[in-house]
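I open this notebook to record what I looked up in one structure.

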Amino acid sequence: MKKLENYINGHWVAGTGEGTPMVDAITGELIALSTTEGLDVPSALEYGRTKGGEVLRKMTFQERGNMLKKLALYLTKRKEQFYELSYRTGATRIDSWIDIEGGFGNLFANASLRKLFPNQPFHVEGDPIDLSRGGRFMAHHILVPKTGVAVHINAFNFPIWGMLEKCAVNWMAGVPAVVLPAPQTAYLTEAVVRVIIDSGILPEGALQLLSGLTRSILDTVTSQDVVTFTGSAHTGRILKAHPRLIEESVPFTMEADSLNASVLGKDAVPGTPEFDLFIKEVRKEMTVKCGQKCTAIRRIIVPSDLVEDVQIALGKQLDKVTIGDPRLKEVRMGALASAAQVASFRNNVSEIAKTAEIVYGNLDTIETIGADASKGAFVSPVLLREDHPFENSGAHEIEAFGPVATIMPYDTIEDAITLSQKGKGSLVSSIVTYDDKVARDYIVGAASHHGRILVLNRENAKESTGHGSPLPMLTHGGPGRAGGGEEMGGMRGVKHYMQRCAIQGTPTTLTEVTGIYQANAAYKETDKHPFAYYWEDIEAGMSIKTHKRTITDTDIINFGNLTWDHFYAHTDITSLEGSIFEKRTAHGYFILAAAAGLFVYPNKGPVAANYGLEECRFLRPIYHNDTVYVRLTCKEKVDRDHRGKELPSGIAKWFVEVFDQEDELAAVATILTMVQKKTPFVPINRETITSYLAQLTEESTAEWGIMTPQHMLEHLEKTLRIATGEISDFEVATPEKYLDKVQEMVYNHVSMPKGHKFPLSKEEGLEDLVHEDLDSAKNSLLEAYDAYKEFFKENPEAITKNVVFGALNKFEWELLHTKHFNHHFVQFGLIEEK
């Protein structure tokens with residue numbers, strides 16, 4: 001029988017020993033064996049810390065985020081191959097979608113966090129802190145990646161999502177991962193890891209897999225490692241008490257199965273949209289993933305007078321749930337993960353039923369479609385009713401991990417809160433009500449015992465992700481029984497894998513360390529105006545002091561008339577008594593506008609646009625006849641993804657300080673500019689083309705492709721003649737609905753793909769040569785280039801078509817030719833590849 005392989009130390013290896021059998025949840029067929037015996041686990045942890053960790057820690061947040069995005073796109077294109085394996089876990093198509101595409105979605109969501117972090121390997125947190133009256137001694141907090149590994153011990157119910165929702169976060173933080181999937185469904189995790197490793201997108205060592213029980217995994221963890229656990233509260237408590245974790249103070253976060261509650265508001269009576277939503281949500285949470293969700297609804301808390309209505313309505317909904325082979329469209333619920341889970345489910349339901357009554361379903365009879373109930377891990381949905389939830393504790397303490405929930409009554413909202421708290425901590429609770437006061441009372445009273453609370457009503461039902469859906473941008477965890485940990489949560493989750501450090505020093509030192517200008521730091525005077533630099537060349541602290549301007553009465557009056565801002569301090573000097581103003585005062589926004597007039601660089605340059613204003617403060621009035629000047633200093637740089645038909649750019653934040661004639665600080669602001677990035681391509685003009693052609697000989701060989709030097713030149717000539725419309729007897733190959741996205745590629749700084757087939761080329765082999773020899777081809781290329789330049793000089797508004805990119809204007813043709821010539825000159829070694 002096949003053994004699952006483990007990926008450690010850069011290799012796929014099988015463990016020794018007999019291994020743990022993994023069976024098909026539907027047929028009972030043996031799939032494979034999982035074992036990690038004989039593996040050098042300590043060396044795998046060290047391999048991750050060094051091989052993978054060293055690369056990840058040096059990457060910036062932007063690089064890590066783009067890596068996650070690239071991986072998410074790669075996996076999404078291959079998603080269908082995972083569905084067939086997922087059916088064998090007992091999951092339906094919808095169940096599998098949550099696990100597979102929900103897991104990939106976590107990569108996308110965490111990739112987007114790169115926009116919230118600086119363009120460097122570490123994060124600067126919060127505001128600077130002045131530790132001295134003179135402003136020459138200060139502090140700031142930074143967060144750097146831990147130098148260990150993230151050890152993820154995962155549950156069986158989400159073999160893909162459970163891995164990726166954690167790994168996405170630690171990779172974003174710059175920390176590698178060692179994943180231990182639960183043996184029951186490890187074969188699906190292994191399949192995804194194989195595809196990830198084969199993609200080559202992650203640095204080697206960033207992901208390792210131990211496909212089976214590994215009891216010694218915690219024996220050699222260090223204080224720089226992070227351990228996470230998802231599973232039963234009982235197992236979690238045992239792991240949390242491991243001596244090594246205590247000795248090394250290893251961060252440990254636990255996300256345990258909890259007895260989550262959903263409350264029906266008293267206003268949500270039968271006939272209201274909220275009542276119907278409640279029934280639908282409970283049925284869904286009972287049956288999705290066959291109830292094997294740590295966030296599933298286990299306790300149904302409803303008003304005493306609505307217990308019968310809820311019981312009847314739920315019973316009707318559960319009657320519609322068909323059980324069987326999850327591959328069949330008519331099947332709505334598959335199976336539990338294994339026969340062992342079936343036994344555990346039945347035992348725990350029986351325990352709850354010692355005080356509660358089973359009012360729907362039973363533990364013995366299961367009707368299935370397309371599957372043999374005796375061979376698979378099938379169970380029926382079970383609904384219980386506990387009429388005395390304050391006296392009996394079974395439903396509040398016993399976790400039956402499957403399609404089961406217990407109805408219990410309440411009289412007041414305080415009673416509902418108390419019942420929700422009797423679960424001793426849960427991952428999520430929900431309340432279905434259209435009464436916002438009831439929702440507020442419940443949230444304030446219950447929030448101490450829950451990691452997340454959903455308020456569901458008719459207004460958000462269509463957009464709501466539901467009671468049981470953890471979201472990457474929100475914390476996932478809960479107090480008490482739920483484990484006391486937190487996963488995900490946007491930036492909060494990333495910070496869990498980083499070390500916070502308070503740094504102290506002068507403002508100048510901390511500016512250099514953080515990459516963010518700190519007030520009172522030394523300025524970096526520049527040779528030219530800061531707005532004349534490209535984004536890559538701008539540095540925090542880069543600064544200029546402007547010339548001065550005197551503010552006149554006429555300026556103030558004109559600004560008021562222009563804006564219609566006739567506040568008395570600007571217009572009525574007879575009303576200043578008792579105010580903070582002494583004379584006619586300039587508008588605060590006029591001071592900002594005047595400051596811009598002083599510091600803005602008028603010439604066209606890398607600054608593409610004003611991107612906005614982040615903060616401003618008016619510290620003292622500027623009166624008529626006061627004189628002001630500005631100190632403009634680069635505060636910070638923030639990377640920005642390329643989008644649309646615009647040149648790649650980043651954001652520069654500028655600290656604006658406005659001083660009066662006494663050198664007193666009158667106003668401060670932070671403005672943002674969009675600044676173009678340097679092109680990586682060599683400029684293409686007649687001079688550069690001529691110099692590169694001089695290097696090209698008949699003996700020049702291509703780094704890729706089958707073209708000869710002359711074929712390459714004739715190809716470039718053809719594209720120049722297409723640009724002028726001289727060659728136009730072709731149809732655009734790109735479908736119209738994709739043209740806008742394809743045209744965006746003209747503007748970016750990404751090199752053309754190697755080996756891409758030109759749509760106007762012959763199906764097979766090389767084109768027939770047109771010119772007599774290479775020299776003739778060189779001369780003809782230059783002639784075509786001259787004709788191209790002359791055409792657009794005479795026809796600057798002309799738009800001509802390209803076979804791939806569609807209709808292009810003069811500017812777009814210039815971008816395309818620059819990229820295209822660079823591509824082929826690199827191909828023949830005339831330009832060094834960057």
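Which residues does the UniProt annotation "domain: Aldehyde dehydrogenase" cover? I find that this annotation, from an unreviewed entry, covers residues 12-499. I note at the outset that the model is predicted.

**Entry 1, annotated spans.** I looked up the composition of residues 12-499 and recorded 35% helix and 20% strand. The end C-alpha atoms of that span lie 32 Å apart. I then turned to the other UniProt annotation on my list, "domain: MaoC-like", also from an unreviewed entry, which is placed on residues 540-642. For residues 540-642 I noted 26% helix and 29% strand.

How many cavities of 30 Å³ or more does a search of the whole structure find? The search returned 4. I followed up the largest cavity, for which I recorded a volume of about 80 Å³. I listed its lining as Asn154, Ala155, Asn157, Phe158, Trp161, Gly162, Glu165, Lys166, Thr230, Glu255 and Cys294. Which helix gives the largest share of this lining? I traced that share, 4 residues, to helix α5, residues 161-173. Sorted by class, the lining of the largest cavity holds 4 nonpolar, 4 polar and 3 charged residues.

I described the next pair by two quantities, because packed helices are characterised by the angle between their axes and the distance between the axes. For helix α13 (residues 413-421) and helix α14 (residues 436-446), I noted an angle of about 35 degrees and axes 10 Å apart. The crossing of α13 past α14 is right-handed. Which residues meet where α13 and α14 are in contact? On the α13 side I listed Ile413, Ala416, Ile417, Ser420 and Gln421. On the α14 side I listed Val438, Asp441, Tyr442, Gly445 and Ala446. By class, I counted 6 nonpolar, 3 polar and 1 charged residues in the contact of α13 with α14.

Definitions and conventions: Residues are numbered from 1 along each chain as its sequence is written. This is a predicted model: local features need pLDDT of at least 70, side-chain atom pairs count only at pLDDT 80 or more; totals for chains, interfaces and linings use all residues. Side-chain values use heavy atoms; hydrogens and water are left out. On a 1 Å grid over the protein atoms alone, a cavity is a set of points where a 1.4 Å probe fits but cannot get out, and a pocket is an open set with protein on both sides within 12 Å along at least five of seven lines; lining residues have an atom within 4 Å of a point. Grid points are joined across faces, edges and corners, and a volume is the space filled by probe spheres set on the points. Helices (H or I, at least four residues) and strands (E, at least two) are DSSP runs, numbered from the N terminus. Ala, Val, Leu, Ile, Met, Phe, Trp, Tyr, Cys and Pro count as nonpolar, Asp, Glu, Lys and Arg as charged, and the others, Gly among them, as polar. Axes are lines fitted to C-alpha atoms, for helices over the stretch in contact, and angles run from 0 to 180 degrees between N-to-C directions. A crossing is left-handed if the near helix is turned anticlockwise from the far one by less than a right angle, and right-handed if clockwise. Contact means heavy atoms within 4.5 Å. UniProt positions are given in the numbering used here, feature names are shortened, and annotations may be inferred rather than shown by experiment.
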